[in-house]
Amino acid sequence: MKKILHVTSSIFGDGGQSSQLAEKFVNNWLAANPGASVIRRDLDAEPLPHISAEIFTAFTTPPEDRDEQQRKHADLSDQLINELKESDVIALGLPMYNFGIPSTLKAWIDQIARAGQTFKYTENGSVGLLEGKKAFIFAARGGMYKNTDKDSQTAFIQTFLTFLGITDIEIVYAEGLAMGDEKKQSALISAANEVDLLAVA
Ligand SMILES: Cc1cc2nc3c(=O)[nH]c(=O)nc-3n(C[C@H](O)[C@H](O)[C@H](O)COP(=O)(O)O)c2cc1C
């Protein structure tokens with residue numbers, strides 16, 4: 001059975017523009033894949049702990065040597081990684097806050113980047129271990145940055161997903177959302193139209 005992992009991080013919850021675009025895509029995908037299921041991760045509603053030395057040490061301690069607290073840290077990370085591994089498709093809402101990704105999304109990234117689980121180091125560099133997946137990114141921002149060096153956000157997300165082996169990535173942008181009502185409405189309509197054109201089969 002096919003699965004989609006639906007990850008959002010807008011501080012406005014389901015009302016966020018990135019959340020709404022991601023949800024529209026997930027609904028299209030579910031409609032095109034009868035019997036498929038969705039795993040939901042709202043990182044704003046349920047924030048994850050930020051990485052710390054304690055958490056990182058839990059990850060790198062062999063499972064049989066972990067104490068109770070370390071086991072809890074590793075179990076949470078394992079669960080998040082399993083959600084990714086189980087999924088064929090990832091739909092990721094990507095709001096821009098202060099030129100970066102939401103800190104809640106960074107916390108998720110720090111939980112799923114695990115040597116030996118989602119990537120490994122080799123003599124030739126790192127190799128991603130999550131193969132055969134497709135990611136769809138729904139980027140919402142107040143200004144216009146697509147294809148400029150101010151858009152560190154999408155470059156970072158692409159670099160990170162590629163590092164994990166997820167190389168098939170499509171990005172839909174809703175830009176200029178803080179540049180007046182007219183611009184906002186036309187950006188949202190055009191992003192929604194783009195979502196409807198994405199391959200969902
Ligand atoms: C705290 C905060 C910081 C923001 N920083 C930026 C920014 O640096 N650049 C920008 O273009 N828009 C910025 N915006 C506008 C958001 O990118 C825009 O509201 C977008 O819709 C956010 O996605 P969301 O609706 O899914 O939360 C910011 C908005 C908020 C609330």
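Two strands count as paired when DSSP finds at least two bridges between them. Keep that in mind as we walk through this predicted model, starting with one such pair. Strand β1, covering residues 3–8, runs parallel to strand β3, residues 89–95, and four bridges join them. To see one of these links for yourself, find L5: its bridge partner in β3 is I90.

Now let's step back to the whole sheet. Five strands make up an open sheet, with parallel pairing, and their order is β2-β1-β3-β6-β7. Which strands stand at the edges? They are β2 (37–42) and β7 (168–174), and each has a single partner strand, so one side of each is left without a neighbour in the sheet. As you go from one strand to the next, the twist averages 15°.

A helix joins the picture here. Helix α5, residues 152–163, packs on the sheet, where it touches β3, β6 (134–140) and β7. The direction of α5 makes about 165° with that of β6.

Finally, let's visit a residue in another strand. Y121 sits in strand β4, which spans residues 119–122. Is Y121 buried or exposed? Y121 has 10 C-beta neighbours inside 10 Å, so Y121 counts as exposed. Setting aside neighbours within four places in sequence, Y121 is in contact with A115 and S126.

How values were computed: Residues are numbered from 1 along each chain as its sequence is written. This is a predicted model: local features need pLDDT of at least 70, side-chain atom pairs count only at pLDDT 80 or more; totals for chains, interfaces and linings use all residues. Helices (H or I, at least four residues) and strands (E, at least two) are DSSP runs, numbered from the N terminus. Axes are lines fitted to C-alpha atoms, for helices over the stretch in contact, and angles run from 0 to 180 degrees between N-to-C directions. Two residues are in contact if their C-beta atoms, placed from the backbone, lie within 7 Å. A residue is buried if 20 or more other C-beta atoms lie within 10 Å of its own, exposed if 12 or fewer, and partly exposed in between; C-beta atoms are placed from the backbone.
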